[in-house]
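Hello,

I am passing a structure on to you and would be glad if you took a look. Please open it first, and then read on for my notes.

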Amino acid sequence: MLPQDPIILLSYVNTKLRDDYPSLDELCSALDVDRDELLRRLEGVNYSYSPERNQFI
């Protein structure tokens, strides 16, 4: 289960991307997370996914 607070979610997801997953698609697949929902939640706090950096910035 992902954190509900968007800032904690941001930290959690970026850590997972850095340490465990080479892409957002792989993270979403492995954790059974809806990619569009995750993007929407983090865009709500002005962060977007950068595939080049494999993190939300």
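First, the ground rules. This is a predicted model, where local features need pLDDT of at least 70 and side-chain atom pairs count only at pLDDT 80 or more, while totals for chains, interfaces and linings use all residues. Residues are numbered from 1 along each chain as its sequence is written, and side-chain values use heavy atoms, with hydrogens and water left out. Helices (H or I, at least four residues) and strands (E, at least two) are DSSP runs, numbered from the N terminus.

Let us start with two helices. H1 (residues 6-19) packs against H2 (residues 24-31) at about 105°, and their axes are 10 Å apart. Here axes are lines fitted to C-alpha atoms, for helices over the stretch in contact, and angles run from 0 to 180 degrees between N-to-C directions. H1 and H2 are therefore roughly perpendicular (65 to 115 degrees; under 35 is roughly parallel, over 145 roughly antiparallel, the rest oblique). On the H1 side, Tyr12, Val13, Lys16 and Leu17 meet Leu24, Leu27 and Leu31 of H2, contact being heavy atoms within 4.5 Å.

Next comes H3 (residues 35-43), where Leu38, Leu39, Arg41 and Leu42 are buried. Buried means under 20% relative accessible area, exposed over 50%, and partly exposed in between (1.4 Å probe, protein chains only). These four cover an arc of only 165° around the axis, which puts them on the same side of H3; the arc is that of the directions from the helix axis to the C-beta atoms. Their cover includes H1, H2, strand E1 (49-50) and strand E2 (55-56).

The loop between E1 and E2 holds Asn54. Is Asn54 buried or exposed? At 13% relative accessibility, Asn54 counts as buried. Leaving aside neighbours within four places in sequence, Asn54 is in contact with Leu17, Tyr21, Pro22, Ser23, Leu24 and Tyr49. Asn54 also lies 7.3 Å from Arg18, C-alpha to C-alpha, although the two are 36 residues apart in sequence.

Finally, a word on backbone angles. Most residues other than glycine have a negative phi. Asn54, not a glycine, has a positive phi of about 50°. Asp32, in the loop between H2 and H3, has a positive phi too, near 55°. Asp32 is exposed, with a relative accessible area of 73%.

Best wishes
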